[in-house]
Amino acid sequence: MTPPSLRKAAQRPRLVAVSNRVTHPRGAARGGGLAVALLDALRERGGLWFGWSGQISDHPDTRPAVVESGPIRLATMDLSQAEHDAYYNGFANRCLWPLFHLRLDLTAFDPQHYDGYMRVNRRLAGALWPLLQDDDLIWIHDYHLLPFAEALREQRAKQQIGFFLHIPFPVPEMLTALPHYRDLMRSLFSYDLLGFQTEDDVQRFRDCAVREFGAQLRGDTITAFGRRLTARAFPIGIDAREFAQIAGSPTAQQEFQRVRAHREDRTVIVGVDRLDYTKGIPERFRSVECLLDRYPDTHGQVELLQIAPTSRGEVPEYMAIRRELEQIAGNINGRYAQLDWEPIRYINRPLGRRQLAGIYRASRIGLVTPLRDGMNLVAKEYVAAQDPADPGVLVLSRFAGAARQMQSALIVNPYDNTAVADALQTARYMSLEERRNRHAALMRDLLRDDADAWREAFLEELQRCSAQREEPASPTAQAA
């Protein structure tokens, strides 16, 4: 007789994961939270991971390169330089990224970028189509691939298709500034399930669908454009147990000792972010400056260790933020530095997970203050890395999706330098009992809402979604 566990596994459809970049299992530790989560799902279920190889080619192949890695098939496509410029650097990162993060002032509306974005989505969907099986469960990820399901439906795909947006969904007034917002919103209704980080994101999507297109609501189901889908929040988590174990590894302990050396009596504040204007790093530096101004006892005693590796370095806005940070840090250090101390240490290169885990544990305060963020897993990693007997304090932006789940952190407005400075001073002098209580509450929630729970909740909901997609459009939807 077949064991129940094997029967359950046999009943599961194959998972096909689609993301902008595909990470080989050997590089998962450097690939970030999404890479780890997808690889865990694919290892458990078996399946296919499809996306861009990360390579630029003068003559990209029309068929994907496929390699096997245990139960996982990796299928990747190269892009041409023109495709990369329009699809990735152009529409995805100079239009959608700033727009969805409420930076209309940095949003570039270039019709050629939009055309290139749509062409790449169609080309990738056409390359994936021959690899699909009839009962596949397809899971698309992030803003690079918003119209991917529509492109698959044009290939006559009938499979269940879900989409997860890792970044925030914008308010309707912001989205409607996009010249092609109607086409993109319509393309989202080719999915069976839309997943968002927070209930606020779900509500913004619903508001836009109702106000702009006369959508009909029934529970989690939204009907517009003659189609219906389910929209729900699935807050992404981390493997908190694993990260806690990493924090105790020899590499992490070595990094812990390096940070603590000669700093036993000082407060180390850590910030870890991809170099991006949404992360609030300039505001963070100014909050530290405000801390030094308001509290003279911090002089020589408080150090911000900011790790911000360059990303999208060829995009002009990212070149500008790097120059700005170097100037602000230089000015603050010039005002306050002593012979054996600088208030800001700024590292502009990536570090491995084990190194970061050791740095998190050695830091008395984790300062996570994005101006707008879908979730922010650094906040969760910081908490998971702490010693429960002597934990640090998390200071977290109210505009990070993680703030909805992590109310035992010190929640701050990153635009208010004085409030952030006061929170840092509070964290410095917080009692051990309060630190332990806050950490225990945060860790309890991290263990409950971990990466496995996020993944399984989404995939189970996708399997439950009705196979019926088309239904007569309401008069208001037709009018839209």
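Mentor: Ground rule before we start: helices (H or I, at least four residues) and strands (E, at least two) are DSSP runs, numbered from the N terminus.

Trainee: Fine. Which helix holds arginine 260?

Mentor: Arginine 260 sits in helix 10. One caution: this is a predicted model, where local features need pLDDT of at least 70 and side-chain atom pairs count only at pLDDT 80 or more, while totals for chains, interfaces and linings use all residues. Residues are numbered from 1 along each chain as its sequence is written, and side-chain values use heavy atoms, with hydrogens and water left out.

Trainee: Is arginine 260 buried or exposed?

Mentor: Buried means under 20% relative accessible area, exposed means over 50%, and partly exposed is in between (1.4 Å probe, protein chains only). Arginine 260 has a relative accessible area of 14%, so it counts as buried.

Trainee: What does arginine 260 touch?

Mentor: Contact means heavy atoms within 4.5 Å. Not counting residues up to four places away in sequence, arginine 260 touches Arg361, Ala362 and Arg364.

Trainee: Switching to helix 9. Which residues are buried there?

Mentor: Helix 9 covers residues 240–247, and Ala240, Phe243, Ile246 and Ala247 are buried in it. Looking down the helix 9 axis, the buried residues fall within an arc of 115°, so they line one face of the helix. That arc is taken from the directions from the helix axis to the C-beta atoms.

Trainee: And what sits on the face turned away from the buried side of helix 9?

Mentor: Two exposed residues, Arg241 and Gln245, are carried there.

Trainee: What covers the buried residues of helix 9?

Mentor: The cover includes helix 10 (250–260), helix 13 (353–362), helix 14 and helix 16.

Trainee: OK, holes. How many cavities does a search of the whole structure find?

Mentor: The search finds six cavities of 30 Å³ or more. A cavity is a set of points, on a 1 Å grid over the protein atoms alone, where a 1.4 Å probe fits but cannot get out; lining residues have an atom within 4 Å of a point. Grid points are joined across faces, edges and corners, and a volume is the space filled by probe spheres set on the points.

Trainee: How much space lies in the largest cavity?

Mentor: About 80 Å³. It has 13 lining residues, and Gly392, Val393, Leu394, Arg438 and Leu442 are the closest to its centre. Helix 14 (377–384), strand 15 (393–397) and helix 16 (432–448) each give two or more residues to that lining. Helix 16 has the largest share, with four residues.

Trainee: Now the largest nonpolar core. Which residues touch the most other members?

Mentor: A nonpolar core is a set of buried Ala, Val, Leu, Ile, Met, Phe, Trp, Tyr and Cys residues joined through side-chain atoms within 4.5 Å. The largest has 99 residues, and Leu128, Phe148 and Phe205 touch the most other members. Helix 3 (residues 81–100) contributes the most to this core, nine residues. A second, separate core has 62 residues, including Ile72, Trp139, Ala409 and Leu459.

Trainee: Where is phenylalanine 196?

Mentor: In strand 7 (residues 193–196). Phenylalanine 196 is buried at 4% relative accessible area. Beyond four places in sequence, its contacts include Phe164, Phe205 and Pro235. Phenylalanine 196 and proline 235 are 39 residues apart along the chain, and their C-alpha atoms are separated by 7.2 Å.

Trainee: Last topic, backbone. What is the phi of leucine 102?

Mentor: Positive, about 65°, although leucine 102 is not a glycine. Leucine 102 lies in the loop between helix 3 and helix 4 (111–128), and it is partly exposed at 35%. Aspartate 142, not a glycine either, has a positive phi of about 80°. Aspartate 142 is in the loop between strand 5 (137–141) and helix 5 (148–154), and it is buried at 13%.

How values were computed
On a 1 Å grid over the protein atoms alone, a cavity is a set of points where a 1.4 Å probe fits but cannot get out, and a pocket is an open set with protein on both sides within 12 Å along at least five of seven lines; lining residues have an atom within 4 Å of a point.
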